[in-house]
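The tour below goes from one selection to the next and says what is found at each stop.

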Amino acid sequence: MLRITEYIRKSLNGEVIRPFKGIILIWNLTNACNLFCKHCYSAANLKRSDEPSIDEIKKQIPYLKKAGVKVLILSGGEPLLRDDLFEIAALFKENGFSVTLSTNGILINKSNIEEIKKYFSYVGISIDGDEKTHDAFRGMTGSFSKALNSLRLLIDAGIKTGLRFTISSFTYKSIPFIFDLAEKEKIPKIYFSHLVYSGRGRNLTQAEKDDYRKIVEYIIDRSFFYVEENININVVTGNNEADGVILLQEFSKRFPEKKDLLYKNLKIWGGNQAGVRIFDIDHRGNVKPDTYFPLKLGNIKEKNFYEIWNSNGILSKLREHPRKIEGRCKQCEYIEICNGNSRSRAYAVYGDYFKEDPECYI
């Protein structure tokens, strides 16, 4: 994830960022969902099968610690469909992990808001455009208003929260609306996730290259505005680390005397972290380098997480920095910043994990 506003602020203040030491683990606790979203990487549906039991989850805790997991993002499907979600969250919290929740917001209400506050350090809710766009993208009339009401509930309860938005050809025209919504509702964080071709997301497309770059430039320009006007909204992007290059180029125009520090900070950030500081466990127990990877490294029902995390094969190549990527990346001067970008997208288009990212717009 590229913390755009944070890196602008820190670089302007002369601060060197501290790299995150540890692993962020996304755990998809279920594949059941109450929505049918066009971009869903896990192709979630109404079926509940192969979900890990709380006992199976508990067995992995020593191995998660040994591997260096610090943050757990509980996701799905829709994780709030699990009756034991709060027990699972309590288990992780008691063992010293920072526990966050990724949800569509449909099931958040006054009856469970206090439990959410008790167990989760952060809650991210997906909103993918204005009401018409969001409801069509999410497959349910009324889903926008329910998600927005949930955001308001979380903010009123004093829970750290933010909205998530997926950039695609279907949604990108709503980006100005998303910024305006965050300002109006005083939502402190916006996370823009670039589309990755996985699950139902294979049926979607990204904006054309020229438009795509302009979209990112707009996001970064708005981020500069928030920093310059001291507006308390953090802007973060994920799943297209070329954003860091656009950030560097724009920062260099505005603050040429401080561009070297931002470049240093972006190198410390390191670009794509799949298989390095990011891992995923899907609802069947398969461990993957990120949520979008079709490749399964192993299953926690057969091996523990530490054994899988400590294995070789593709992980050795993913952990090289910069990665050895074919195509345009081989000659790119920015490879140390983006680290080759999304390997999942490269595989989806070329059938090769180490080809260039087809959605690099540089």
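Start with strand β2. Both of its faces are covered: Ile23, Leu25 and Trp27 are buried on one side, and Ile24, Ile26 and Asn28 are buried on the other. Buried means under 20% relative accessible area, exposed means over 50%, and partly exposed lies in between (1.4 Å probe, protein chains only). In a regular strand, side chains alternate between the two faces of the sheet. Strand β2 covers residues 23-28, and six of the six are buried, so the strand is largely enclosed by the rest of the structure. Helices (H or I, at least four residues) and strands (E, at least two) are DSSP runs, numbered from the N terminus.

Before going on, note what is on the screen. This is a predicted model, in which local features need pLDDT of at least 70 and side-chain atom pairs count only at pLDDT 80 or more, while totals for chains, interfaces and linings use all residues. Residues are numbered from 1 along each chain as its sequence is written, and side-chain values use heavy atoms, with hydrogens and water left out.

**The neighbours of β2**

Select strand β3, residues 69-75. β2 and β3 run parallel and are joined by six bridges; two strands pair if DSSP finds at least two bridges between them. Leucine 25 has leucine 72 as its bridge partner in β3.

**Asparagine 239**

Move to the loop between β8 (234-238) and α9 (243-254), where asparagine 239 is found. Is asparagine 239 buried or exposed? Its relative accessible area is 17%, so asparagine 239 is buried. The side chain of asparagine 239 makes a polar contact with the side chain of serine 193 (2.8 Å). A polar contact is a pair of N or O atoms within 3.5 Å; within protein, one must be able to donate a hydrogen and the other to accept it, and residues adjacent in sequence count only if both atoms are side-chain atoms. Asparagine 239 also touches Arg345, Asn341 and Ser342, among others.

**Aspartate 357**

Aspartate 357, in the segment after α14 (343-350), makes a side-chain polar contact with the side chain of arginine 345 (2.8 Å). Aspartate 357 counts as buried because its relative accessibility is 1%. Its contacts include Cys329, Gly340 and Asn341.

**Glutamate 6**

Finally, select glutamate 6 in helix α1, residues 4-12. At 26% relative accessibility, glutamate 6 counts as partly exposed.

**The whole chain**

Zoom out. The protein has 14 helices and 11 strands, and 57% of its 362 residues count as buried. Its C-alpha atoms fill a box of roughly 55 × 50 × 40 Å, taken along the principal axes.

Definitions and conventions: Contact = heavy atoms within 4.5 Å. Lists of a residue's contacts leave out its neighbours within four places in sequence.
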